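Keep the model open as you read.

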Amino acid sequence: MSDRNSDGLRDVALWRTFLAAYRSGSVSAAARMLGLAQSSVTAQMQALEARIGEPLFDRHARGIRPTPRADDLANRLAGPLDALATALGSPPPADAPPVRLGGAGDLLAVLAAPALASAVAGGLRVTMTPGLAADLLDRIATGSLDLVVSAVRPRGRALPTVALFDEEFVLVASPSLGIEPSVDLRPDALASTPLLAFAPDVPILRRYWRHVFGIRLERAPALVAPDLRALVAAAVAGAGATVLPTYLIAGELAEGRLTVLRETDDPPINTLYLVRRPGPLAEGVAVVERALRDAVADL
């Protein structure tokens with residue numbers, strides 16, 4: 001950016017065009033979304049790239065592919081620009097269709113529902129659909145969902161996608177089990193402790209064992225429950241040890257009902273993505289996106 005325009009505020013229209021192109025994955029789709037001529041979108045993107053001093057998209061036969069710089073800019077700009085669009089517009093009308101939000105059941109219950117409480121109280125309508133990432137991405141691709149919080153980034157650029165936040169995973173158990181927490185804790189200290197898992201193939205546990213302990217987990221779980229809230233309840237009750245995201249158990253950790261068994265400066269993380277149905281950004285969807293971003297800002 002030049003010194004005459006160092007804060008970028010005069011470029012709001014260009015940034016809006018950039019975000020539309022990023023989310024839609026093509027110049028033509030961005031033009032339809034914004035109600036502009038395709039040549040205008042192209043000219044605005046060229047002007048923005050000239051000011052940035054580097055390309056923001058790689059052009060190919062089926063559209064445009066963002067560069068790493070574009071990913072970074074989109075992650076930082078999406079929330080403020082959507083908030084600005086909502087602030088300058090009007091609240092969603094009372095008869096607007098509900099925003100259809102998909103995600104893991106535990107995330108919808110613990111994070112999304114409280115985050116959307118004030119908006120719902122103010123008249124926003126939301127329908128939440130729990131499910132696995134692959135199924136939810138299929139549904140948003142066919143238009144039966146508006147927004148999905150997904151642990152899997154969709155392939156290609158057909159679905160507008162931005163990173164939401166990184167889940168951080170910890171190994172926990174109830175203090176009643178008597179396992180001594182230690183930064184040097186090894187798996188043999190858990191040899192007689194039942195393991196609680198999300199699925200029979202223990203994906204979360206396996207990843208933790210490989211990342212933190214540096215070995216392959218060979219044990220079968222004692223309890224399988226396809227809802228992390230069930231694992232939280234079982235762990236608090238003393239059923240065994242498990243690996244859970246910190247946002248889900250903040251209360252249990254603060255109250256001492258669960259204990260982190262091995263503190264580490266390099267915990268396993270998992271990026272969650274906000275995936276939106278292609279097309280114009282509805283006001284209600286923008287409200288939900290902003291509420292979710294605000295909810296995870298301090299995680």
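A nonpolar core is a set of buried Ala, Val, Leu, Ile, Met, Phe, Trp, Tyr and Cys residues joined through side-chain atoms within 4.5 Å. Buried means under 20% relative accessible area, exposed means over 50%, and partly exposed lies in between, with a 1.4 Å probe and protein chains only. This is a predicted model, in which local features need pLDDT of at least 70 and side-chain atom pairs count only at pLDDT 80 or more, while totals for chains, interfaces and linings use all residues. Residues are numbered from 1 along each chain as its sequence is written, and side-chain values use heavy atoms, with hydrogens and water left out.

Start with the whole. The protein has 299 residues, and 46% of them count as buried. It holds 11 helices and 11 strands. Helices (H or I, at least four residues) and strands (E, at least two) are DSSP runs, numbered from the N terminus. Along the principal axes, the C-alpha atoms fill a box of roughly 65 × 45 × 35 Å. Contact means heavy atoms within 4.5 Å. Among contacts between residues at least 6 apart in sequence, 73% join residues at least 24 apart.

In soluble globular proteins, nonpolar side chains tend to be buried together. Here the largest nonpolar core has 61 residues, and Phe18, Leu56, Leu101 and Leu292 have the most contacts inside it. Helix α1 (residues 12–24) gives the most to this core, with 7 residues. A second, separate core has 18 residues, including Ala173, Val202, Val212 and Leu261.

Setting aside neighbours within four places in sequence, Leu56 contacts Phe18 and Leu73, among others. Its partners also include Met45, Leu48, Pro66 and Ala70.

Isoleucine 64 sits in strand β2 (residues 63–66). Its relative accessible area is 4%, so it is buried. Beyond residues up to four places away in sequence, isoleucine 64 touches Ala21, Gly25, Ser26, Val27, Phe57, Asp58, Arg59 and Arg157. Alanine 250 is 186 residues from isoleucine 64 along the chain, and their C-alpha atoms are separated by 40 Å.

Is glycine 35 buried or exposed? Glycine 35 is exposed, because its relative accessible area is 64%. Proline 280 is 245 residues away in sequence, yet the C-alpha to C-alpha distance is 9.7 Å.

Next, helix α11 (residues 283–296). Its 14 residues should span 20 Å at 1.5 Å a residue, and its end C-alpha atoms are 20 Å apart, so the two agree. The expected span is 1.5 Å times one less than the number of residues. α11 is mostly covered, with 10 of its 14 residues buried. Among them are Gly284, Val288, Glu289, Leu292 and Arg293.

Helix α5 (residues 105–115) packs across it. The axes of α5 and α11 come within 8 Å and cross at roughly 115°. Axes are lines fitted to C-alpha atoms, for helices over the stretch in contact, and angles run from 0 to 180 degrees between N-to-C directions. On the α5 side, Leu111, Ala112 and Ala115 make the contact; on the α11 side, Ala291, Leu292, Ala295 and Val296 do.

Turn to the loop between β6 (161–173) and β7 (196–197), where serine 174 is found. Serine 174 counts as buried because its relative accessibility is 7%. Its side chain makes a polar contact with the side chain of serine 176 at 2.8 Å. A polar contact is a pair of N or O atoms within 3.5 Å; within protein, one must be able to donate a hydrogen and the other to accept it, and residues adjacent in sequence count only if both atoms are side-chain atoms.

Leucine 190 is in the loop between β6 and β7. At 0% relative accessibility, leucine 190 counts as buried. Leaving out residues up to four places away in sequence, it touches Leu171, Ile179, Trp209, Arg219 and Leu261. Threonine 193 also lies in the loop between β6 and β7, and counts as buried at 8%.

Finish at valine 202, in the loop between β7 and α8 (203–213). Its phi is near 40°, a positive value in a residue other than glycine. Most residues other than glycine have a negative phi. Valine 202 counts as buried, at 6% relative accessibility.
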